[in-house]
Amino acid sequence: MAFPHLQQSSFLLASLKADSINKPFPQRCQDLVKVIEDFPAKELHTIFPWLVENIFGSLDGVLIGWNLRCLQGRVSPVEYSVAMEFLDPGGPMMKLVYKLQAEDYKFDFPVSYLPGPVKASIQECVLPDSPLYHNKVQFTPAGGLGLNLALNPFEYYIFFFALSLITQKPLPVSLHVRTSDCAYFILVDRYLSWFLPTEGSVPPPLSSSPGGASPSPPPRTPAMPFASYGLHHTSLLKRHISHQTSVNADPASHEIWRSETLLQESFTPTEEHVLVVRLLLKHLHAFANSLKPEQASPSAHSHATSPLEEFKRAAVPRFVQQKLYLFLQHCFGHWPLDASFRAVLEMWLSYLQPWRYAPDKQPPGSDSQPRCVSEKWAPFVQENLLMYTKLFVGFLNRALRTDLVSPKHALMVFRVAKVFAQPNLAEMIQKGEQLFLEPELVIPHRQHRLFTAPTFTGSFLSPWPPAVTDASFKVKSHVYSLEGQDCKYTPMFGPEARTLVLRLAQLITRAKHTAKSISDQCAESPAGYSFLSWLGFGPTDTNGSYPANDLDEMGQDSVRKTDEYLEKALEYLRQIFRLSDAQLRQFTLALGTTQDENGKKQLPDCIVGEDGLILTPLGRYQIINGLRRFEIEYQGDPELQPIRSYEIASLVRALFRLSSAINHRFAGQMVALCSRDDFLGSFCRYHLTEPGVASRHLLSPVGQTQVAGHARGPRLSLRFLGSYRTLLSLLLVFFVASLFCIGPLPCALLLALGYILYASAMTLLTERGKLHQP
């Protein structure tokens, strides 16, 4: 016979499942609030896994739950308000978590749904290098295939919350959702502000009733000992699962265990995930920089220091630095070369500028005079040297492969150059490189204020070797922990990186020239002229060739923005790497020697091979960046050209069949008329004779012998009647004629008479021009 409380729990779960189908969302949340308040923990723990899955969706992605990634206040204000109130860090759901936490309940979480590297490590019986997974792995008779983690309620809730961003299916392309406005993103912001507080020593407690606070839940076991927190990573050697040992928790560690749990969640690189990680970094900088000056000093370390204050010092180097570096390296190497990389770029730049989130931050300066980076940030720059230098070199390699004529790509180059050009930042980075590259006679193995290595040969009166300072030790430890002892370091201010910077400066100069050429071309084609040519009263480009670039779609304002971004980026690069004005002028002069007066007439760089022209690497570079292009024109039969977007396809085909039948039926008469030497012969030749194919300009040496046999006799072409422009022009003429009480037939006769007069005049001018030709 089942126990009464089990029967009641089963009935409660069945009732809630039925309500989730039959009741509206606000009513369901009200019922859940009442259930959480009224029922004891022993009955609530049976509904907790179902409720978490009902909110965040299933781990296999089939159920979407409340769909927090698409829930927005401006679209569904009622549902948004109810969900945010229920899931707030001080709301009913977190009260349920702490109510279960106080009873020390555990919930199974399948290892198979963890992020790939963590899952593989645990299934290979190797514990990941994170205290979050210590003493939590539960073995099953099936071995590694059925492993579970025994998580406390808070960990179980946070795991589902974080992994719902990864396991749920990507948003449909047709659904335009601004990530920063969705409920999920705002909840991340609230949780980070709550569990990583900049004020106070512990996360705020939850009130179980209006008059009192709920007891603080016990910490997860084992807690990470604070002695292991510090500026250096723990050993990268992984620990075997069979060696899981219990560690006596610090008596005060329960104050920060939830904050520690929040920082050990992982995200995979998609644009949506990157935005969430950037939000984490912003909060983390504000959290770590909220230490008071007296607490931040080394002398302030004592047993009286709050565990949360200790955690603030350790949060970035212990939990974030290595994972973020690998994450960014992967993104820099594998992210598509398109504008979506802006999300990764801004995340990187947010991490590089902790001073923007410090409590004593200065107001931002103007673009012309950015604020100076204080010397107090030199330790952060030195202990994150690879974040600045190696990733900057990686960005240079990406920028050299993008089209900087695009305003979006130009903006990214401008943003990076502007950040690194902040006064004193380049000097601090250069100082960090000098500390890493300075010679060392012994490998530092422990931290001191000064490391010295005595010589083993020569007199004791000989000078001591260079001292390995504490700052140098920290820089070397940072680089070696991330890249290994045998890493090959490319200095940001070394000759290799400087060569890349010079190439980028040259590319910027060329992109500016190309943008100016496009701007000039647009200025030469006013809107009225385009409208007249569309109506058929101006020259048309039947070949449809034009330079493809998003500047054409976005107009003159984008040309101005691109030129502004590139101009400032070039100036910032000149400041960072101390480029001389003479070097920049050389790029402009070199560009001028490769362009003619219009900047576009020369062909891309090619060599002549057996099969025709072959593009060289320089030629491909010129085409990709819009510096040069082939003047492509149709070389075949004009009647067989592809149907254009301004033509009616069915009408063009019908007119082609009609003109072909007329040409076949009256071919002899057309030849006889065009052979006459009088005015009638000239008139017929003006309308019926095809332009000579042999006189066309061929860009390729291939096919010259093949074109000679394509000459045709006189023929009639009616294709111009299939154009929207021609038909609209005729309709417009008939409409204007009707305003003057001229019927369709008289109007048609007047049009025919007018055209005959026009064609007669053109015939006379054409014949006169031929007489004067040499």
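This is a predicted model: local features need pLDDT of at least 70, side-chain atom pairs count only at pLDDT 80 or more; totals for chains, interfaces and linings use all residues.
The protein has 774 residues, of which 42% count as buried. Its secondary structure consists of 29 helices and 9 strands. Among contacts with a sequence separation of 6 or more, 76% are made by residues 24 or more positions apart. The accessible surface amounts to about 41,100 Å², and carbon and sulfur atoms contribute 61% of that area.

In soluble globular proteins, nonpolar side chains tend to be buried together. In the present model, the largest nonpolar core contains 159 residues. The members that touch the most other members of this core are Tyr157, Trp348 and Phe420. Helix α12, spanning residues 307-334, supplies the largest share of the core, with 12 residues. For Tyr157, the contacts beyond four places in sequence are with Phe48, Val52, Phe56, Leu87, Met93, Met94, Val97 and Tyr191.

Helix α12 also contains Leu324. Leu324 has a relative accessible area of 4% and is therefore buried, since the cut-off is under 20%. When residues up to four places away in sequence are set aside, Leu324 touches Val277, Leu281, Tyr351 and Met387. One of these partners, Leu281, is in contact with Leu324 although the two residues are 43 positions apart in sequence. The C-alpha atoms of Leu324 and Leu281 are separated by 9.6 Å.

Thr562 is located in helix α22, which covers residues 556-577. The relative accessibility of Thr562 is 0%, so this residue counts as buried. From its position in helix α22, the Thr562 side chain reaches the backbone oxygen of Val405 at a distance of 3.5 Å.

On the surface, a nonpolar patch is formed by Leu732, Phe735, Val736, Leu739, Phe740, Ile742 and Leu750. Together these residues have about 700 Å² of accessible area. Helix α28, made up of residues 724-739, provides the largest share of the patch, with 4 residues. Leu732 is a member of the patch and lies in helix α28.

Note on methods
Residues are numbered from 1 along each chain as its sequence is written. Side-chain values use heavy atoms; hydrogens and water are left out. Helices (H or I, at least four residues) and strands (E, at least two) are DSSP runs, numbered from the N terminus. Buried means under 20% relative accessible area, exposed over 50%, partly exposed in between (1.4 Å probe, protein chains only). A polar contact is a pair of N or O atoms within 3.5 Å; within protein, one must be able to donate a hydrogen and the other to accept it, and residues adjacent in sequence count only if both atoms are side-chain atoms. A nonpolar core is a set of buried Ala, Val, Leu, Ile, Met, Phe, Trp, Tyr and Cys residues joined through side-chain atoms within 4.5 Å. Contact means heavy atoms within 4.5 Å. Patches are made of residues with over 30% relative accessible area and no salt bridge: like charges are joined within 9 Å, nonpolar side chains (Val, Leu, Ile, Met, Phe, Trp, Tyr) within 5 Å. Accessible areas come from the Shrake-Rupley method with a 1.4 Å probe; for residues, only the protein chains shown count as cover. A salt bridge is a side-chain nitrogen of Lys or Arg within 4 Å of a carboxyl oxygen of Asp or Glu.
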